[in-house]
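Visitor: I would like to learn how to read salt bridges and interfaces in a model of this kind. Could we start with the charged pairs?

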Amino acid sequence: MVPVDSPGPAVARDEELRARLAAGDEEALAEIYDLFAPLVYGLARRVTADAEAAGDVTQEVFVGLWERPLSFDPAKGSLRTWLATLAHRRAVDWVRRESRHRRPPPYLEREGNGHPTVEEVVVEGELAQGVRRGLHALPGPLREVLELAYYRGLTYREVAVTLGIPEGTAKSRIRSALARLASDLEREGLST
Amino acid sequence: MSEEGHPDVDRALAAWALHACPPDEAARIDEHLASCPGCAAEADRMRRTAALLAAVTETAPPPSLRAGVLSAARRRRRPGVAMGLSPGLADAYARQVARMDDLLASLTTDDWRAPVAKYDSVRQLVDHLNRNDAAFAGDLGLVARAHDPGPRGVWHAQAEAVLRGVSADTTLLERPAALAVPGPRVVRAPARTGLVQRTFETWTHADDIRAAVGRPAEPPPGEHLRLIVEMAVPMLPQALRDTGRARPGRTARLRLTGPGEGEWLVPMAPGPAGAGPGAERPDVTVTADAEEFCRLVANRRRPETFAHVTEGDAALAADLLHAAATLGCD
């Protein structure tokens, strides 16, 4: 589990890892994998709901970082953020490719929001607990749009159709949900 | 700020940060963010918040995945080889500059007057190359003073100033500098990309001159070709859009052979920066020679007659090749 460092040391660590990757240090990639594979794999698994696809996404994300370490810019955000963003992008791409081939599964109310359904759950740190609290504190309609858009990879148009609400409403709920969450987490000192 | 200035983009920014915009809308937002620092900063903040949502899905991957990922990484890039920092890049440019200088030194007065490529004379072509070099160097503050006022002296002094500058201060390569693009537009990219383009243009024009004066072409080594391909490939999605050939959601695999060989996945439409789809099943695979592909990118080959092999959607392959041929700098 990754501790939520104060920004200073995390930035220094990310910069050092990036420089080692650029220098061709394979150990650096192994270290990054060990730090962040649960983040990348877990997110991809949740979004795709497919273990094989999650493995493919994980491989693409880490191999991509190894091939182009300089595309990660520590000035714009942490390595953690960069990897999570890329993993999400790739997982969403997979979901959209799949949905071209078959109909998306109907929306089912899932048991408790944000709970991973797989066995090997990583021991939760302060950050995960804070995010979980933040999600629970959201009003139902806001939590619902994050579930569909972020954790299921639907576009806001698909979210609107799924919930039977106007597109503009879907978009503004996503916006309110993200803003609420950001301010809650910031209050807890958990923004990155 | 974004709220008042760009309400359309601002309203969609949260959905964009969750990758929840349809491709055409995401592309419009990406384009806006590239030119609007206010919205871009807001977008980065939202991205960071969105990424926090991944904290509650952490799951240990199957233990076998680790070895698979590390060995795939090793196959795609050899460990122990440094990259991205200036020596390799500056060296590639230095070598093309030296070859061009030798070539120019050997030209006769008649050769200088020979019509070449799209220019009335070799002299005009060298002036054109120098103008593009100077725009790039100017953005990095690397101004040259030529001792020899002839076209070769002026061009060479400028190229030398660039080489000295980037060798002395590698951080220059992270600064934005002019890219040579067709038409009156000004496009800036990290100087690292610009220096690859200077290398590419210097080689292309040297071969133009060789062809004009009846000498054989001198292809660059494989490492230089690879730098050029790595510069061109990320520009393809935008070029597809600019030529009206964008195909959102589709992906092509570009498989280049010979010196500079490698494989690249190309999203057939612009998407969020740095995150093309990792398609395991691309819609088409285009196989071609790496050196020839670089000549296509330089618009020295016609896409219609370009030698390649297509597996999959032939129309996508044609779109890709046509877009590639528009990336040339003259």
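Guide: B:R301 has a relative accessibility of 31% and counts as partly exposed; partly exposed lies between buried, under 20% relative accessible area, and exposed, over 50% (1.4 Å probe, protein chains only). This is a predicted model, where local features need pLDDT of at least 70 and side-chain atom pairs count only at pLDDT 80 or more, while totals for chains, interfaces and linings use all residues. Residues are numbered from 1 along each chain as its sequence is written, chains are lettered from A and ligands numbered from 1 in the order in which they are written, and side-chain values use heavy atoms, without hydrogens and water.

Visitor: Which side chain does B:R301 meet in a salt bridge?

Guide: Side chains of opposite charge can pair when their charged atoms come close. A salt bridge here is a side-chain nitrogen of Lys or Arg within 4 Å of a carboxyl oxygen of Asp or Glu. B:R301 meets B:E292, at 2.7 Å from N to O. B:E292 is partly exposed too, with a relative accessible area of 23%.

Visitor: How far apart are the closest N and O atoms of B:E291 and B:R295?

Guide: They are 2.8 Å apart. The two residues are separated by about one helical turn, because they lie four residues apart in helix 13 (residues 290-297) of chain B. Helices are DSSP runs of H or I with at least four residues, strands are runs of E with at least two, and both are numbered from the N terminus. Both B:E291 and B:R295 are buried.

Visitor: Which residues are linked with these in a network of salt bridges?

Guide: The network holds B:R99, B:D207, B:R210, B:E218, B:E291, B:E292, B:R295 and B:R301. Within it, B:E218 and B:R99 form a salt bridge at 3.9 Å, N to O. That pair links distant parts of the chain, 119 residues apart: B:E218 is in the loop between helix 10 (191-212) and helix 11 (222-232), and B:R99 is in helix 6 (residues 86-105).

Visitor: How many salt bridges are there between chain A and chain B?

Guide: There are five. In one of them B:R66 pairs with A:D34, with the closest N and O atoms 2.8 Å apart.

Visitor: What is the area buried between the two chains?

Guide: The size of an interface is often given as the accessible area lost when the parts come together. Between chain A and chain B, the buried area (lost accessible area, 1.4 Å probe, summed over both parts) is about 6200 Å², and carbon and sulfur atoms give 61% of it.
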